[in-house]
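Open the model in your viewer and keep the selection panel at hand. The tour goes stop by stop: select, look, move on.

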Amino acid sequence: MIADISAARGAALAQIEAADSLESIAALDTQLLGKKGSIAQLKTKLGGLATVDEKKAAGQAVNEAMQAVSSALAARRVELGTAATAARVEAERLDLTEFAVKPERGHAHLVTQSWERLEDVFIGLGFQVAEGPEVETDWHNFEALNMPIGHPARGEWDTLFLDHAAPGEDVGRTVLRTHTSPVQIRTMLSGMPPIYIVAPGRVFRRDTPDATHMPVFHQIEGLVVDRDITMADLAGTIEAFTKAFFGADFSSRLRPSYFPFTEPSAEFDIQRPDGSWLELGGCGMVHPNVLRHGGIDPEEWSGFAFGFGIDRMAVMRHDVADIRDMFVNDIRFAEQF
Ligand code: DAH
C-alpha cells in the first residue's frame with residue numbers, strides 16, 4: 001500500500017513538473033486532488049487494510065502525498081505565472097531606443113570658425129569689426145582704391161559685373177566686390193581717424209572652382225589710420241597677429257610687392273616652427289590717393305592696410321586637401337571638425 005501511494009505521489013509530481021502552462025496546472029489540480037485522482041482512489045482502499053497501525057501509516061502517507069501534490073501545484077503555478085507575465089511584457093514591449101539616442105549637435109562651419117577666431121584675435125589687439133556690402137560700386141571696389149577705369153591692375157581681379165545701373169550710370173558699373181578693400185573706403189568716409197578696424201566678408205571672382213579656388217570666398221581686411229603710423233607699426237601688428245593666431249613659435253616677414261592702393265606695398269609670409277614659409281596676404285602703407293578718396297588729409301594722417309583669405313586659413317589649419325569640400329555641405333565632411 002505504502003509503495004503504491006509513493007508511486008502515485010511520484011507520478012503526480014512528475015506530471016506537475018512537466019506541465020508547461022497555467023491551463024494544464026488547472027487541469028492537473030482537478031485531476032490529481034479530486035475524488036477520482038490516483039491518490040484519492042488509494043484512500044478509499046484504506047479500510048481494507050488489516051491492522052490499525054497499517055491504516056494509520058497508510059492514512060498518513062496519503063495525507064502527506066496530497067499535501068506534497070498540492071504545494072507542488074502551487075509552486076509550479078507561481079513559476080508558470082511569472083514566466084507568462086514576462087512573456088506578455090516582452091511581447092508588448094515598445095522599442096523606444098530611437099528616442100533614447102542623444103540628438104546630434106551641430107557646430108559652426110569651418111570657415112565661420114576661422115572667421116570668428118580671426119575677429120577674436122584682432123579684437124584682442126584693439127581693432128573693431130566693420131562691414132560693407134557684397135554688391136559694390138565700381139568706384140568703391142576700384143576707383144577709390146587708386147584704380148581708375150582703364151588701370152591695368154583691374155585685370156588682376158576677375159570681376160563679376162552686375163547687369164544693373166543706378167539712374168544716370170552705365171550698366172556694368174556695379175560689381176560683386178572682388179575683395180574686402182572697399183570697406184576701407186566706406187569706413188574712412190563714415191568717420192574720422194583714429195581708425196583701427198578689420199572687415200571680414202564674402203568676396204566674388206569669375207573663377208572656375210578647383211582644389212584651391214572658389215568663385216565665392218572670404219577675406220579679412222585690416223585698416224589703421226592714425227597720426228605717425230609707419231611701416232614699423234604694420235610689421236609689428238602682423239607679427240603680433242601671427243603669434244596670437246598661430247602660436248608663439250611662429251613668426252612673420254614682409255616682402256616687397258605691388259598693390260595700387262598701398263605705397264610701399266608688401267606681401268606677408270609666416271614662418272612655421274619647422275622653418276618653412278607660407279604666403280598669407282598683401283599689405284602696405286595706405287596710398288595718399290586712397291586716403292583722399294576716404295576724405296582724409298594725407299598730410300595729417302597716415303595708415304596701413306592688409307588683407308588675406310579666410311578660407312585658406314581654415315584649409316591650412318585642418319589640412320583640407322580640396323577647398324571645394326568645405327562648400328558642398330556633406331555632413332560626413334563637416335562633422336569631422
Ligand atoms: N585686396 C587685395 C586682394 O584682394 C589684398 C590686399 C593687399 C589688401 C594689400 C590690402 C592691402 O589691404 O594693403 O588681393
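**Stop 1: the proline loop**

Select P194 to begin; this residue sits in the loop that runs between α8 (182-190) and β5 (195-204). Keep in mind that the model is predicted. P193 and P194 are joined by a cis peptide bond, with omega at about 5°.

**Stop 2**

Move on to strand β8 (residues 262-271), which holds P264. Select E263 along with P264. The peptide bond joining E263 and P264 is cis, and its omega is about -5°.

**Stop 3: a positive phi**

Next, select N146. Where does N146 lie? Its place is in the loop between α7 (138-141) and β3 (160-161). Check the backbone there: phi of N146 is near 75°, a positive value in a residue other than glycine.

**Stop 4: the ligand**

How many residues surround the ligand? There are 16, and the closest are H179, S181, R205, Q219 and E221. By type, the shell divides into six nonpolar, eight polar and two charged residues.

Start with R205: an N or O atom of its side chain is 3.0 Å from an oxygen atom of the ligand. Go to Q184, where the corresponding distance from a ligand oxygen to a side-chain N or O atom is 3.2 Å. Then pick W157; here a ligand oxygen and a side-chain N or O atom are 3.4 Å apart.

Switch to a surface view. Taken alone, the ligand exposes 360 Å², and the protein buries 92% of that. The space that the ligand takes is the largest pocket. Which elements give two or more residues to the shell around the ligand? Color β6 (216-226), β9 (277-286) and β10 (302-309) to see them.

**Stop 5: the whole chain**

Zoom out and color by domain. The domain assignment gives domain 1 (2-93) and domain 2 (110-334).

Terms used:
Residues are numbered from 1 along each chain as its sequence is written. This is a predicted model: local features need pLDDT of at least 70, side-chain atom pairs count only at pLDDT 80 or more; totals for chains, interfaces and linings use all residues. Side-chain values use heavy atoms; hydrogens and water are left out. A residue is near a molecule or strand if one of its heavy atoms lies within 4 Å of it. A polar contact is a pair of N or O atoms within 3.5 Å; within protein, one must be able to donate a hydrogen and the other to accept it, and residues adjacent in sequence count only if both atoms are side-chain atoms. Accessible areas come from the Shrake-Rupley method with a 1.4 Å probe; for residues, only the protein chains shown count as cover. On a 1 Å grid over the protein atoms alone, a cavity is a set of points where a 1.4 Å probe fits but cannot get out, and a pocket is an open set with protein on both sides within 12 Å along at least five of seven lines; lining residues have an atom within 4 Å of a point. A molecule sits in a cavity or pocket if more than half of its atoms lie within 2 Å of its grid points. Helices (H or I, at least four residues) and strands (E, at least two) are DSSP runs, numbered from the N terminus. Ala, Val, Leu, Ile, Met, Phe, Trp, Tyr, Cys and Pro count as nonpolar, Asp, Glu, Lys and Arg as charged, and the others, Gly among them, as polar. Domain bounds come from an automatic or database domain assignment.
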